[in-house]
Amino acid sequence: MKILNRKISKNKEPFIIAEISANHNKSIKRTLKLIREAKKVGADAIKLQTYNADSMTLNSKNKYFLIDDKKSLWNKKKLYDLYKEASLPYSWYKDIFEEAKKNNIICFSTPFDENAVDFLQKFNVPAYKIASFENNHLPLLERVISKKKPIIISLGATNKKEIDFLYKFLLKRKFYKFAFLQCTSSYPAKVEDSNIKTILDLRKRYKIEIGLSDHTPGIGAAIASISYGATIIEKHFTLDKNAGGFDDIFSMNPDEFRLLIKETKNAWKSLGKISYDLSLDEKRHKVFKRSIFVSKDIKKNEKFTSQNIKIVRPSFGLSPSLYKEIIGKKSTQNLKFGFPLKKNHYKKLK
């Protein structure tokens with residue numbers, strides 16, 4: 001899979017997406033700074049969310065449109081009001097894409113309705129993201145597919161049957177430029193609910209690029225995902241976790257995001273290849289393995305015992321595997337304390 005000139009595969013460092021989401025806090029100045037900071041910390045891309053309240057829900061006060069969940073950050077909020085406040089004004093997009101281009105960072109978005117897809121096309125977005133709660137919105141998927149750009153699809157709140165349906169839906173339309181993201185749709189998500197091993201199973205089942213959309217605190221889940229084949233990492237990004245925005249509290253600030261990028265790349269590098277060869281550094285340090293040394297002066301024809309030879313570091317002497325074979329045999333010459341034992345120093349008993 002490729003977004004612009006950036007190839008996404010297990011043979012490349014993970015593709016890191018800084019999700020701005022609602023962290024713009026209704027400030028274009030803050031939004032443009034988020035783009036600059038994302039570039040500074042080393043993110044490959046920034047991602048927006050494109051919608052308005054009317055395209056997301058109904059402006060209704062009845063119980064169906066109120067969040068009734070004491071564990072939710074948005075408990076008792078009316079959905080319409082929430083989306084109205086969190087949405088990114090469409091009038092900012094020109095400045096946002098210009099800022100991204102100026103900073104040489106990939107910029108794309110998650111559209112939440114068909115009109116949003118068409119709006120984003122004006123800016124020639126290099127890819128589209130489909131949110132977990134939208135991956136069953138078939139008219140939206142149809143519209144995105146029609147643009148023939150790569151699609152990244154989150155799988156939060158989606159069971160195996162639904163994932164199978166989604167996969168077949170894309171293939172039936174002869175569309176193959178897509179990736180799935182393992183995701184736990186809680187805000188914030190518990191680390192123990194991440195189920196990172198699912199990434200490996202998704203890769204085996206669907207033979208496509210698989211990544212992680214991570215809402216957990218910290219970087220542990222993201223790092224773990226690399227060892228199971230994740231090639232895309234998406235994390236919410238903010239300037240200040242205490243700024244009062246909708247997503248600030250479970251987002252990463254620049255210092256945290258910088259660490260995320262550093263350690264996920266280190267995790268990827270550490271995977272290496274299947275190899276039993278020693279690295280150059282290992283070869284240099286192999287000298288510190290153990291071997292057999294003379295631990296007490298030994299005279300010619302004197303027998304080797306546990307009192308006059310010893311398995312110690314470094315490795316200039318004979319292998320410790322020969323220790324039992326040597327015990328009881330006679331020395332062929334006088335040997336001094338602290339010298340490595342060699343094969344010509346002993347003779348086999350007749």
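How do the residues of the lining of the largest pocket divide into nonpolar, polar and charged? They divide into 19 nonpolar, 12 polar and 10 charged (Ala, Val, Leu, Ile, Met, Phe, Trp, Tyr, Cys and Pro count as nonpolar, Asp, Glu, Lys and Arg as charged, and the others, Gly among them, as polar). The model is predicted: local features need pLDDT of at least 70 and side-chain atom pairs pLDDT 80 or more, while totals for chains, interfaces and linings use all residues. Residues are numbered from 1 along each chain as its sequence is written, and side-chain values use heavy atoms, without hydrogens and water.

**View A. The largest pocket holds about 1000 Å³ of space.** A pocket is an open set of points on a 1 Å grid over the protein atoms alone, where a 1.4 Å probe fits, with protein on both sides within 12 Å along at least five of seven lines; lining residues have an atom within 4 Å of a point. Among the 41 lining residues, Trp74, Phe133, Ser185, Tyr187 and Phe250 are the closest to the centre. Helix α3 (79–86) gives the most to this lining, four residues.

**View B. Helices α1 (residues 28–41) and α4 (residues 93–102) cross at roughly 25 degrees, their axes coming within 9 Å.** Helices are DSSP runs (H or I, at least four residues) numbered from the N terminus. Axes are lines fitted to C-alpha atoms over the stretch in contact, with angles from 0 to 180 degrees between N-to-C directions. The two helices are therefore roughly parallel (angles under 35 degrees).

Notes
Angles under 35 degrees count as roughly parallel, over 145 as roughly antiparallel, 65 to 115 as roughly perpendicular and the rest as oblique. Grid points are joined across faces, edges and corners, and a volume is the space filled by probe spheres set on the points.
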